[in-house]
Amino acid sequence: MVPLVLVMAAMGVLWWTGVGRQGDGRYAMFLFPPAGGLAMSGLYRWRTAGLRRLVKRTGGCVCVKCGYCVAELPQSGVCPECGRAYQHRALIEAWAACGFLP
Ligand SMILES: [Zn+2]
């Protein structure tokens, strides 16, 4: 996230000062991929904020298929919401691998 912001800042400075632009603004197109990346990253974080909170609060005991909280259920079993087999340990590892758990 931070490197992306730095790249965007550098691009912005180049664009603002007109370096490499020669009047026709043809390098301005290099501004769009970083801007798109930043927008997508923000959208992703916004759309997953609720799930992120739930995963953190339950310590990772959330069904990876449907998002049902299985923290109160036995260590392993079948998700009552979608029928997917789960194990608390595997769920915690999966959410950690996604970066949803610290
Ligand atoms: Zn489920």
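Why does glutamate 93 count as partly exposed? Glutamate 93 has 13 C-beta neighbours inside 10 Å, and a residue is partly exposed when its count lies between the limits of 12 or fewer for exposed and 20 or more for buried. The model is predicted.

Glutamate 93 sits in helix H4, which covers residues 88-97. Its C-alpha lies 8.0 Å from that of glycine 60, although 33 residues separate glutamate 93 and glycine 60 in sequence.

The protein contains four helices and two strands, arranged along the sequence as α-α-α-β-β-α. Of its 102 residues, 10% are buried. Among contacts with a separation of 6 or more, 34% join residues 24 or more positions apart.

| Helix | Residues | Detail |
|---|---|---|
| H2 | 32-47 | 16 residues, 22 Å from first to last C-alpha |
| H4 | 88-97 | contains glutamate 93 |

The 22 Å reach of H2 is close to the 22 Å expected at 1.5 Å a residue.

The largest nonpolar core is made of nine residues: Val55, Cys61, Val62, Cys63, Val70, Cys79, Tyr86, Leu91 and Trp95. In soluble globular proteins, nonpolar side chains tend to be buried together. Beyond its neighbours within four places in sequence, valine 70 is in contact with Cys61, Val62, Cys63, Cys79 and Tyr86.

Notes: Residues numbered from 1 in each chain as written. Predicted model: local features only at pLDDT ≥ 70, side-chain atom pairs only at ≥ 80, totals over all residues. Expected span 1.5 Å × (residues − 1). Contact = placed C-beta atoms within 7 Å. Core = buried A, V, L, I, M, F, W, Y, C linked by C-beta atoms within 7 Å.
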